[in-house]
Amino acid sequence: MVCLNENQVDEIRQLIEARGAEMEELTNDLLDHICCMTEDRMSLESDFHKVLQETMAVFGNNGIRNIQDETTFLLTKNILAMKKTTHIIGITS
């Protein structure tokens with residue numbers, strides 16, 4: 001299996017951030033996922049930039065931004081549900 005060097009990993013991180021990922025944990029998760037996909041594809045093709053373009057195409061034009069928005073929505077939804085439950089338990093007590 002091909003391993004990416006530090007510069008390539010940094011390039012992928014910058015690309016992820018440029019496409020809309022703002023949360024550090026989400027950025028790290030996407031970085032890991034995209035690096036694994038890229039390394040896997042590089043075992044068949046040797047041109048890093050070509051492989052990276054193909055890997056990023058899987059997410060689509062706004063894919064990373066959409067993932068960021070959905071993650072924010074789900075986290076906010078869970079926090080609101082937790083606050084409502086806490087409020088109801090407090091009133092009941």
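Reply: Let's start with Asp69 and Arg65, whose side chains meet in a salt bridge at 3.3 Å, N to O (that is, a Lys or Arg side-chain nitrogen within 4 Å of an Asp or Glu carboxyl oxygen). This is a predicted model, where local features need pLDDT of at least 70 and side-chain atom pairs count only at pLDDT 80 or more, while totals for chains, interfaces and linings use all residues. Numbering runs from 1 along each chain as its sequence is written, and side-chain values use heavy atoms, with hydrogens and water left out.

Asp69 and Arg65 are four residues apart in helix α4, so about one helical turn separates them (helices are DSSP runs of H or I, at least four residues, and strands are E runs of at least two, numbered from the N terminus). Arg65 also pairs with Glu22, with the closest N and O atoms 3.1 Å apart. Here the partners are 43 residues apart in sequence: Arg65 is in α4 (residues 63-92) and Glu22 in the loop between α1 and α2, so the pair ties those parts together. That makes a network of Glu22, Arg65 and Asp69, and the whole structure has two salt bridges. As for accessibility, Glu22 is exposed at 62%, whereas Arg65 is partly exposed at 30% and so is Asp69 at 36% (buried is under 20% relative accessible area, exposed over 50%, partly exposed in between, with a 1.4 Å probe and protein chains only).

Now the packing. Leu30 touches Ile16, Ala21, Phe59, Ile64 and Ile67, leaving out residues up to four places away in sequence (contact means heavy atoms within 4.5 Å). Leu30 and Ile64 are also among the residues with the most contacts inside the largest nonpolar core, which has 16 residues. Such a core is a set of buried Ala, Val, Leu, Ile, Met, Phe, Trp, Tyr and Cys residues joined through side-chain atoms within 4.5 Å. Two or more of its residues come from each of α1 (6-18), α2 (24-42) and α3 (48-57), and α2 gives the largest share, six residues.

The buried residues of α2 include Leu30, Ile34, Met37 and Thr38. Thr55 is in helix α3 and counts as buried, at 0% relative accessibility.
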